[in-house]
Amino acid sequence: MKAAVFHGPEDVRFEEIDPPALAPGDVLLRVRACGICGSDLHTYRHGLFQQLGNPIEQGRVLGHEFSGEVVQTGGPIEGIELGNRVTSIGMGANAEYVVIPKARIDTILPIGDNISFSEAATTEPLATSLHAANLGQAQDEEVHLIMGAGIIGLGILQCIKARSKAKVIVADLSEKRLAKATELGADSVINVRAQNIVKDLGGSSAFSEETLLDITTGSVDTVYDCAGMSKNFEGISVLEQALAIVKDQGRVVVVAVFEQSPKIDYNLIVRKGIQLLGSWAWSIEEFKEAASLIRTGAINRKPLISHTFTLEQASEAYETQLRAEEAIKVVFTP
Ligand SMILES: [Zn+2]
């Protein structure tokens with residue numbers, strides 16, 4: 001079968017490999033769409049998170065955000081029929097076929113008739129956003145700030161807007177991404193290249209003996225760090241800015257991955273009573289809820305799909321997803 005195979009940093013190749021073997025109770029999907037995830041990019045650039053791929057003889061097949069059609073089952077399986085259009089949880093889907101093992105059968109979920117395979121392939125990242133939004137606990141009267149308007153940040157915006165009347169501000173460097181945030185219902189957007197976001201949102205970053213009793217508090221109830229810190233980043237990290245901006249007793253939800261560790265002013269966390277919450281992946285219930293939000297049309301993922309590529313264009317696809325200014329979600333349509 002056709003596949004995009006990861007061989008090492010910045011080396012993903014289109015290849016013909018053996019199709020996966022099917023054990024009793026397993027389900028074989030013909031992959032129709034598979035997104036490139038931020039974690040796949042960390043693998044692509046620096047070799048991180050390689051365990052998220054399926055090992056093959058030479059290299060690994062990445063890709064865990066997918067949808068497809070059921071083409072074979074290891075014996076009859078209740079509720080699953082050939083031709084079903086579904087999404088699921090698994091790995092190695094940058095390929096023509098992927099196996100859903102017997103243990104994961106309950107995560108094979110139908111996609112709506114009027115939902116495209118590409119939209120359904122964004123279920124997994126939406127589940128990641130939903131988990132972060134659940135930690136952020138948006139209430140109607142609150143203000144939430146999302147820093148980083150990639151697919152995860154924009155998904156958090158969609159989750160908050162689908163379930164509350166909270167006001168949402170989105171910050172990013174890219175005008176294209178900010179325009180997308182506005183299209184998806186952001187109440188306001190901030191281009192951090194043009195504006196001093198910490199100052200404009202009433203935050204405080206300087207902490208000293210003198211400010212101990214007189215620290216100014218920001219106006220934001222919850223801040224989501226969807227940017228992290230890349231290997232070559234210099235300057236004040238998004239996490240430091242988030243801690244400065246958030247209100248006393250506010251929440252900072254960190255859903256990004258850090259390629260280096262920012263210097264944190266821990267006194268700021270203590271003095272402001274900040275809840276600092278790490279957000280990693282999702283629960284099975286959140287994955288199912290994400291699938292249902294897409295299937296029922298409560299959340300529209302179509303605007304987030306910025307590019308589609310064939311497996312033959314594997315390295316071009318990865319290079320495109322790296323260009324954060326222009327790409328939101330790059331999807332393979334094998
Ligand atoms: Zn992912």
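User: In what order do the six strands of the open sheet with parallel pairing run?
Analyst: This is a predicted model, in which local features need pLDDT of at least 70 and side-chain atom pairs count only at pLDDT 80 or more, while totals for chains, interfaces and linings use all residues. Residues are numbered from 1 along each chain as its sequence is written. Strands (E, at least two residues) and helices (H or I, at least four) are DSSP runs numbered from the N terminus, and two strands pair if DSSP finds at least two bridges between them. On that basis six strands form an open sheet with parallel pairing, in the order 12-11-10-13-14-15.

User: Which strands are the edge strands of this sheet?
Analyst: Neighbouring strands of the sheet are turned against each other by 20 degrees on average, direction ignored, where axes are lines fitted to C-alpha atoms, for helices over the stretch in contact, and angles run from 0 to 180 degrees between N-to-C directions. An edge strand here pairs on one side only, and this holds for strand 12 (188-191) and strand 15 (275-278).

User: Which residue in strand 11 stands opposite His 144?
Analyst: Strand 10 and strand 11 (residues 167-172) pair in the parallel sense over five bridges. In strand 11, the residue opposite His 144 is Val 168.

User: At what angle does helix 4 run to strand 11?
Analyst: Contact between two residues requires that their C-beta atoms, placed from the backbone, lie within 7 Å. Helix 4 (residues 151-163) lies across strand 10, strand 11 and strand 13, and its angle to strand 11 is about 175 degrees.

User: Why is helix 3 called oblique to helix 4?
Analyst: Two packed helices are described by the angle between their axes and the distance between the axes. Helix 3 and helix 4 pack with their axes 8 Å apart, at an angle of about 60 degrees. Angles under 35 degrees count as roughly parallel, over 145 as roughly antiparallel, 65 to 115 as roughly perpendicular and the rest as oblique, so helix 3 is classed, relative to helix 4, as oblique.

User: How many nonpolar residues does the contact of helix 3 with helix 4 have?
Analyst: The contact includes Leu 126 and Leu 130 of helix 3 and Ile 152 and Ile 156 of helix 4. Ala, Val, Leu, Ile, Met, Phe, Trp, Tyr, Cys and Pro count as nonpolar, Asp, Glu, Lys and Arg as charged, and the others, Gly among them, as polar. By these classes the contact has three polar residues, no charged ones, and a nonpolar count of 10.

User: Is His 42 buried, exposed or partly exposed?
Analyst: His 42 is placed in helix 1 (residues 38-46) and, leaving aside its neighbours within four places in sequence, is in contact with Leu 48, Phe 49 and Val 257. A residue is buried if 20 or more other C-beta atoms, placed from the backbone, lie within 10 Å of its own, exposed if 12 or fewer, and partly exposed in between. Because His 42 has 19 C-beta neighbours inside 10 Å, this residue counts as partly exposed.

User: What is the phi of Glu 10?
Analyst: Most residues other than glycine have a negative phi, and most peptide bonds are trans. Glu 10 lies in the loop between strand 1 (2-8) and strand 2 (11-16), and its phi has a positive value, near 55 degrees.
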